[in-house]
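Here are my notes on this one, as numbered points. Have the model open while you read.

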Amino acid sequence: MRSTGRFMLRGTESTFVGSAWAWIVSPIGTAILALGVTQIVAWGTTLYALGVLASPIAADTGWSRTLVFSGLTIGLLASSFVSTAVGKAIDTKGARLVMSVGSVLCAASLLIVAAATHSAVYLAGWAIMGLGMRMTLYDAAFAALVQVAPHRGRRAISYLTLFGGFASTFFWPIGHILTGEFGWRLTLVIYAGFNIFVCLPLHWWGLARRETPLPGRTVGETQASSAEADPPLEGQARTLAILLFAVVTSASAFVFGAMAVHLPAVLEANGLSAAAAVGLASLKGVAQVAGRVAEILFGRRLHAIDLGRISVGGMPLAFIVLMAGSGSYSAALMFIIFFGIANGLVTIVRGAVPLALFGPQGYGTVLGVLATPYLLVNALAPAILAIVVDLWGYTIAEAVVLAAGLLSAASMEFMAIWYRRRPKAGAAQIPG
């Protein structure tokens with residue numbers, strides 16, 4: 001009996017290992033693992049770079065911190081301006097080529113910033129980096145996964161976001177160590193090397209193959225839910241859905257963009273000490289990853305629109321809890337949990353909802369159109385909220401952020417109601 005049980009256990013282990021290996025070597029498994037690494041590197045060496053390099057740059061050059069951080073703002077604005085064009089290029093040229101070129105642009109821009117001795121050169125380097133970021137970060141990676149496996153796009157997007165959530169976890173300590181040893185300029189040169197010698201080959205190799213649709217299943221269908229097998233929206237219905245979802249994502253971009261900079265200060269303004277505020281703010285990433293893990297484990301049967309309602313609804317709920325808590329630590333902790341989970345899920349929603357509504361055909365272009373206002377608002381939100389704080393204080397600033405969250409949630413609810421009540425038979429027959 002013991003030998004039989006031992007044999008059965010070994011057989012189970014062998015089956016598991018074989019299944020895991022089969023997934024790893026499949027086109028979508030290879031793509032997820034390759035892009036998972038490149039997302040950590042791309043986010044960590046570009047958008048998150050100033051998290052640890054801003055102070056050394058300002059100290060070495062004599063530039064103000066405002067000027068130093070303006071580089072990132074310019075980069076995000078540049079990403080917004082080229083977003084639609086990049087999306088179309090992904091559809092026509094393929095994500096493999098676009099993301100590979102994006103890695104080269106990220107490396108070149110990092111070298112320009114590293115060599116900059118004049119603020120104009122520094123800002124120009126960030127403008128180029130903005131183009132590289134748009135060609136390598138989530139919006140491009142989501143489109144790449146859908147091209148590799150159209151019938152498994154949503155699951156693939158969820159898995160990929162788990163990797164990206166660790167970018168700051170890895171690269172803030174790496175940046176701190178490298179800067180201490182070599183200075184910020186050589187650190188950026190090393191970052192450029194990561195993009196050339198890690199990201200470029202992984203983009204080219206990891207996206208080289210594509211899966212074929214499953215037998216009896218069209219490329220527009222996903223495995224998440226039978227409800228998501230509806231025909232893609234076309235004509236006026238497609239245009240209206242894009243406009244509604246653009247409002248949803250743009251309003252959420254204001255919330256998340258503003259809090260990316262002001263979160264510790266907002267917690268302090270609610271009565272927490274500086275140490276407690278920073279400690280709680282650091283838990284946002286944990287809640288963010290926890291939300292994504294929960295979606296993978298329990299959200300398989302949940303329609304992307306319902307996932308959007310849950311995630312977007314968590315933003316205003318978080319601020320209502322914070323504002324009603326009168327500065328209590330427990331209220332601030334609940335705020336961080338709700339806000340972090342919403343932040344983690346909204347990233348998935350930005351890729352999953354367009355896939356469910358519009359299908360994989362032209363998916364890169366749709367994401368490009370939707371990312372244009374998102375990136376624009378995301379870039380301007382920290383400065384706008386800073387102006388509000390200077391003029392009227394944090395109480396009004398929190399009310400403004402709450403209003404943006406309510407706008408996003410209300411728009412999501414309206415879109416969900418409209419989508420389910422629309423005449424389905426005519427949705428794909430409305431002339432464009």
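1. Arg-152 is partly exposed at 25% relative accessible area (buried is under 20%, exposed over 50%, partly exposed in between, with a 1.4 Å probe and protein chains only). Its partner in a salt bridge is Glu-211, with the closest N and O atoms 2.5 Å apart; the term means a side-chain nitrogen of Lys or Arg within 4 Å of a carboxyl oxygen of Asp or Glu. Arg-152 sits in the loop between α7 and α8 and Glu-211 in the loop between α10 and α11, so the pair ties together parts 59 residues apart in sequence. Glu-211 counts as buried, at 15%.

2. Before going on, a caveat: this is a predicted model, where local features need pLDDT of at least 70 and side-chain atom pairs pLDDT 80 or more, while totals for chains, interfaces and linings use all residues. Numbering runs from 1 along each chain as its sequence is written, and side-chain values use heavy atoms, leaving out hydrogens and water.

3. Glu-295 also forms a salt bridge, with Arg-155, at 2.6 Å between the closest N and O atoms.

4. Arg-309 and Asp-306 meet at 3.3 Å, N to O, in another salt bridge. They are three residues apart in helix α14, so about one helical turn separates them. Arg-309 is partly exposed at 34%, whereas Asp-306 is buried at 18%.

Definitions and conventions:
Helices (H or I, at least four residues) and strands (E, at least two) are DSSP runs, numbered from the N terminus.
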